[in-house]
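Subject: Handover of a structure and notes on it

Hello,

I am passing this structure on to you. Please look through it first, and then read the notes below it.

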Amino acid sequence: MGKMLRVDLSNQTIKTEEFPRNLANKYLGGRGLASKILFDEVDPTIDAFSPENKLIFATGPLTLTNAPTGGRYMVITKSPLTGGIASSNSGGYFGAKFKATGYDMIIFEGKAEKPCYLFINDTTVELRDAAHIWGKTVPETTDILEAEVEVKSNVACIGPAGEKLSRIASIMNDRHRAAGRSGVGAVMGSKNLKAVMVSSGRLKTPLDDPEAFKAAVKANIKNIRENGVTGEGLPKLGTKVLDNIINELGGYPARNFQQSQFEGVAEISGEALVEKGYLTKNVACYACPIACGRKVTLPDGVVGEGPEYEVGWVYGASCGVNDLNAIVRAGFMCNDFGFDAISAGATIATAIELYEKGYIKKEDLDNGPELKYGSSESILYYTRKMAYREGIGDKMAEGAYRLAEAFGHPEIAMTVKKQALPAYDPRAVQGQGLAYATNNRGADHTRAYLISPEVLGIPEKLDPQDNESKPVWVKIFQELTAIIDSAGLCIFTSFAMQAPDYLALIKNATGFDWNEEEMMKTGERIWNLEREFNLRAGIDPSEDTLPKRLLEEPIVDGPMKGNVARLDTMLPQYYKERGWTADGRPTEEKLKELEII
């Protein structure tokens with residue numbers, strides 16, 4: 001769109017600036033370009049809650065286009081959870097509708113003296129008082145703001161978790177979509193920024209070659225609809241299509257990764273969501289032909305969206321719970337309170353193990369229900385306690401690692417760089433374990449989804465226990481995902497699309513004279529820039545590791561019995577493939593080659 005907003009919350013001023021097109025050819029947009037701005041403008045050593053930290057909302061060049069899933073946006077900041085770079089991706093409609101008002105990006109600086117929100121339409125950008133919505137949940141906030149205008153609007157906001165500076169707080173948009181990981185919602189709360197509301201945008205993303213772009217879109221939509229995952233599995237069961245698949249593999253972590261299969265999976269799977277009559281209909285994000293979202297109605301009439309595979313797993317198997325009603329309700333609560341649901345559920349699973357081993361005492365619970373695996377009551381009760389930092393919820397709001405550390409046993413937290421692991425046991429899928437360990441934002445599956453080749457056979461089938469080939473695969477997936485995030489698309493497209501497909505969309509939208517090698521070099525540049533930010537922030541390469549349990553304690557039963565994560569054999573080769581030093585630092589030559597320094 002050619003413009004971006006710079007909002008100084010301390011001084012309550014708003015400036016419109018020219019979009020830095022000179023950097024777009026090197027960092028594309030979205031995640032890449034916003035990370036470059038953060039790298040250039042923010043001292044990596046500051047406290048994440050300092051007013052000197054910046055919070056950046058960024059769209060990509062394919063956001064607000066007809067490219068399949070072209071509605072994504074990113075939130076970039078310094079993470080209060082990991083201490084490194086945070087970049088969280090979200091779908092829904094907010095990203096596209098924001099861009100339709102004529103801006104590509106918002107940079108929030110400073111800290112407001114009192115709660116406020118940013119209102120944007122096609123003629124107005126202004127900061128407004130948020131006293132009446134401070135303390136409200138996400139749906140309450142959204143309802144109140146939408147009622148104040150006469151036209152259709154979209155809201156991104158924080159809930160009580162973000163206001164209370166929970167390090168696992170998310171930013172929610174369109175009620176049910178989350179920029180979820182790394183604690184971005186807490187940074188928003190630290191700035192007294194409650195919401196961003198967009199309304200009445202009517203602009204379209206300009207395209208360099210509209211006809212060629214249209215042809216590329218048509219071809220890729222065809223590929224998506226004919227693909228077994230994006231054309232059948234995800235539309236039918238959503239991401240919870242994976243429950244039984246991963247459980248049968250022997251990589252479905254149960255009871256805080258103490259087991260790798262869950263005996264109750266049939267009761268909480270995607271199939272069960274349909275069979276029990278909870279699923280009402282599919283829900284699609286902007287320009288999405290996949291429609292993996294789930295509108296769900298509980299037996300008592302409560303309506304919401306989800307749960308996704310990760311949410312169903314973390315409140316289910318990881319907490320030992322096979323009560324689908326309670327699991328769905330816990331997911332709704334995370335959306336309402338503004339939590340990263342993976343981290344919230346993982347914190348409860350950690351708390352349960354701490355309690356069962358006697359490290360958390362009964363008196364620490366302040367007459368709350370006992371923390372036990374299988375307790376539906378516990379997962380709901382302590383999610384609320386976390387949101388409002390009540391009782392032991394105050395420690396839990398800091399996330400799994402800091403909770404376990406506070407009770408003297410950080411090794412019980414299944415985290416990387418203090419962020420909770422997702423729903424795949426790295427002892428069962430070696431490449432995914434390497435991807436977790438080397439991820440720039442801590443444990444995460446969406447930055448290099450090695451489940452695709454290791455389990456689903458896309459783009460080719462890899463042996464999940466082979467580790468020789470995985471460093472190359474992880475590097476490629478990390479760099480292609482950086483491109484997808486920076487373009488403004490969803491990673492689910494990568495089940496059906498490959499690098500040349502993304503290149504065709506980007507070239508015809510932007511006019512960049514790229515070949516495939518240059519596009520992937522951009523992904524490599526983004527990854528190395530993020531790595532360099534983290535190193536300067538004080539994150540040592542020794543943190544490229546996995547929890548001790550996963551490195552030393554073999555899987556106890558099932559098809560993957562006896563396996564551990566063999567990170568020691570993969571990590572040195574990964575560093576070599578990246579052209580880094582033996583201890584995991586980008587060399588000066590590599591940084592110069594990528595024009596980072």
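This is a predicted model: local features need pLDDT of at least 70, side-chain atom pairs count only at pLDDT 80 or more; totals for chains, interfaces and linings use all residues.

Residues are numbered from 1 along each chain as its sequence is written, and side-chain values use heavy atoms, with hydrogens and water left out.

Domains

The domain assignment divides the protein chain into domain 1 (3-199), domain 2 (238-419) and domain 3 (426-495 + 515-593). These bounds come from an automatic or database domain assignment. Between the C-alpha centres of domain 2 and domain 3 there are 25 Å. Domain 2 gives 26 residues to the contact and domain 3 gives 32 residues, where contact means heavy atoms within 4.5 Å.

A helix pair

Helix H14 (residues 341-356) and helix H15 (residues 376-388) have axes that come within 10 Å and cross at roughly 115°. Helices (H or I, at least four residues) and strands (E, at least two) are DSSP runs, numbered from the N terminus. Axes are lines fitted to C-alpha atoms, for helices over the stretch in contact, and angles run from 0 to 180 degrees between N-to-C directions. On the H14 side the contact is made by Ala344, Thr347 and Ile348, and on the H15 side by Ile379, Tyr382, Thr383 and Met386. Of the residues in this contact, five are nonpolar, two are polar and none is charged. In this scheme Ala, Val, Leu, Ile, Met, Phe, Trp, Tyr, Cys and Pro count as nonpolar, Asp, Glu, Lys and Arg as charged, and the others, Gly among them, as polar.

Salt bridges

There are 48 salt bridges in the structure, each being a side-chain nitrogen of Lys or Arg within 4 Å of a carboxyl oxygen of Asp or Glu. One of them pairs Arg181 with Asp340, with the closest N and O atoms 3.0 Å apart. Arg181 lies in the loop between strand S11 (177-179) and helix H6 (184-190), and Asp340 in the loop between helix H13 (324-337) and H14, so this pair ties together parts that are 159 residues apart in sequence. Arg181 and Asp340 are both buried; buried means under 20% relative accessible area, exposed over 50%, and partly exposed in between (1.4 Å probe, protein chains only).

Another salt bridge joins Glu595 and Arg525, whose closest N and O atoms are 3.9 Å apart. Glu595 is in the segment after helix H25 (588-593) and Arg525 in helix H22 (residues 516-537), 70 residues apart. Glu595 is partly exposed, at a relative accessible area of 43%, whereas Arg525 is buried, at 7%.

Asp544 also forms a salt bridge, with Arg531, and here the closest N and O atoms are 2.7 Å apart. Asp544 sits in the loop between H22 and helix H23 (548-552), and Arg531 in helix H22, 13 residues apart. Asp544 and Arg531 are buried. Elsewhere, salt bridges with shared partners join Arg6, Lys15, Glu17, Glu41, Lys54 and Glu109 into one network.

Helix H8

In helix H8 (residues 229-237) the buried residues are Val229, Thr230, Gly233, Leu234, Pro235 and Leu237. They pack against helix H7 (210-226), helix H11 (270-275), strand S13 (279-283), strand S14 (293-297) and helix H19 (451-456).

Thr446

Thr446 is located in the loop between helix H18 (430-438) and H19. Its relative accessibility is 23%, so Thr446 counts as partly exposed. Not counting residues up to four places away in sequence, Thr446 touches Arg441, Thr481 and Ile491.

Backbone details

The peptide bond between Gly306 and Pro307 is cis, with omega about 0°, and Pro307 lies in the loop between strand S15 (303-305) and helix H12 (309-315). A cis peptide bond also runs from Ile458 to Pro459, with omega near 0°; Pro459 is in the loop between H19 and helix H20 (470-487).

Ser182 is not a glycine, yet has a positive phi of about 80°. Ser182 is in the loop between S11 and H6 and counts as buried at 1% relative accessibility. Asn367, also not a glycine, has a positive phi of about 65°. Asn367 is in the loop between H14 and H15 and counts as exposed at 82% relative accessibility.

Regards
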